[in-house]
Amino acid sequence: MMVGMASEETRTLTSPTVRTPAPHAARTAPGKPAAHPWRTRLLVIGIVLAALNLRPAITSLGALLEEVRDGLGMSGSVAGLLTSVPPLCFAVFGVTAPRLARRFGAGAVVCAGMVAIGAGLLIRPYAGGTAAFLAASALALMGIAVSNVLMPVIVKRWFPDRVGSMTGLYSMALALGTATAAAATVPLTGALGGNWQSGLAVWAALAVAAVLPWIPFVRGKDRERGGAGGARTEPAAPADAPALRITRSRTAWALAVFFGLQATAAYITMGWMAQIFRDAGVPAGTAGLLLAVTMVMGVPLAFVIPRLATRLPHQGPIALVLGVSGLVGYAGLYFAPAAGAWVWAVLLGIANCAFPLALTMVGMRARTGAGVAQLSAFAQSTGYLISIPGPLLVGVLYQHSGGWGLPIALMAALMIPQMAVGVLAGRPRTVEDESPTPPH
């Protein structure tokens, strides 16, 4: 698969671009140090392993939340707040990623992010109290946040002509990691003696494995600047370019709102969909399988959608198709949640694939690696802030209305603005054109 993608996505951007040199270009350009093919292959492995680690910290905890509450004596209100901690951490820590990447190099920051994930996952089950558990979770989520932001940057710099294929590859790996942790945590806990601490800590091993392929890229920033060490480990990028006035870009705002609304739908689905089915009379085990189906849908589609998006001059139609799938799925949950449960699970799984579409558009709506870094940080941090109230509001509506009618109506209503801003974000333009750098 890694070699077969070499000739794809030659029309990554839809506006005139200033392309960052690709790894194969570095081998042939005169006067530049040779880039080793094994570095590119190792980077692909590193991207896949990093993506596998971007959600297990969240979904493994959801699978064992009741056991964690009992073990730590956690109140119901604190446990409820846990559903909003991930997007809050993503928003707070994600905004720091471009600055860290400019100073240390994107590869070094992602490597440190994998270390933080592994340390947080290993420490939190044995922290001994609610406050320490939350602190260790925040450490892992910090590593996830910076890696979330920098994945599109790394793809843009190393694979400028394969943005769709590479975004699809790591989106697929991310979806696979999400679904695997949700489905395997409880069986793994049973195999490890039924101890919830072991069931959570085991996912630290995956993060440790992800550290290894990033080690050769840790000193990439020094070598970009001409330091000792031979060939560069990271393609040259305008890391010190002046910052864009990103908040003046309508495209950046559209992409941020699109990112926030799709994240809202995703967190509501992960947190509440199984309960909706159970309240409709679906057995608990089947409800869990339905949620797994919704999540697994992201594995193949996360690879297909970015490849399709990069071939289209306007990505708005894809946003519309995903939105319509969500509307039909929510209508099914409202009128016949049990009778058509499997159909609604599939449709909502399709709708949740707005996430890889958003990541792809981040890479397409900026011309340079520095622009992608700023856009990625802005869209993800702002988007995750937007997503925080959604799961909490659904819980409040469910509690006060005594049923799922109002919460489902809210979910469906949010799909309308998501489709609208998806069309705006999909227009063929770049943030550099809309948000010029400030005068020196």
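This is a predicted model: local features need pLDDT of at least 70, side-chain atom pairs count only at pLDDT 80 or more; totals for chains, interfaces and linings use all residues.
Show its neighbours, leaving out residues up to four places away in sequence: H314 touches V423, G426, R427 and P428. H314 sits in the loop between α16 and α17 (316–335).

**Next stop: the largest cavity**

How many cavities of 30 Å³ or more does a search of the whole structure find? The search finds 6. Go to the largest cavity, which holds about 390 Å³ of space. Select L174, T178, A266, N352 and F355 to centre the view, as these lie nearest the centre of the largest cavity among its 21 lining residues. Then colour the elements that give two or more residues to this lining: α10 (163–191), α14 (250–279), α15 (284–296), α16 (298–309) and α19 (354–364). Which of them gives the largest share? That is α14, with 6 residues. Colour the lining of the largest cavity by class and you get 12 nonpolar, 8 polar and 1 charged residue.

**Next stop: the largest pocket**

Keep α14 on screen and move to the largest pocket. Its volume is about 1,400 Å³. Centre on G62, A63, L65, M270 and G271, which lie nearest the centre of the largest pocket among 42 lining residues. At least two lining residues come from each of α3 (56–63), α4 (65–72), α5 (76–81), α6 (85–94), α9 (130–158), α10, α14 and α15. Here too α14 gives the most to the lining, with 8 residues. By class, the lining of the largest pocket has 27 nonpolar, 9 polar and 6 charged residues.

**Last stop: α14 against α21**

Two packed helices are described by the angle between their axes and the distance between the axes. The axes of α14 and α21 come within 8 Å and cross at roughly 30°. Angles under 35 degrees count as roughly parallel, and α14 and α21 are therefore roughly parallel to each other. Show side chains on both helices. From α14, select T264, Y267, I268, W272 and D279; they meet G390, P391, V394, G395 and Y398 in α21. The residues of this contact divide into 6 nonpolar, 3 polar and 1 charged.

Methods: Residues are numbered from 1 along each chain as its sequence is written. Side-chain values use heavy atoms; hydrogens and water are left out. On a 1 Å grid over the protein atoms alone, a cavity is a set of points where a 1.4 Å probe fits but cannot get out, and a pocket is an open set with protein on both sides within 12 Å along at least five of seven lines; lining residues have an atom within 4 Å of a point. Grid points are joined across faces, edges and corners, and a volume is the space filled by probe spheres set on the points. Helices (H or I, at least four residues) and strands (E, at least two) are DSSP runs, numbered from the N terminus. Ala, Val, Leu, Ile, Met, Phe, Trp, Tyr, Cys and Pro count as nonpolar, Asp, Glu, Lys and Arg as charged, and the others, Gly among them, as polar. Axes are lines fitted to C-alpha atoms, for helices over the stretch in contact, and angles run from 0 to 180 degrees between N-to-C directions. Angles under 35 degrees count as roughly parallel, over 145 as roughly antiparallel, 65 to 115 as roughly perpendicular and the rest as oblique. Contact means heavy atoms within 4.5 Å.
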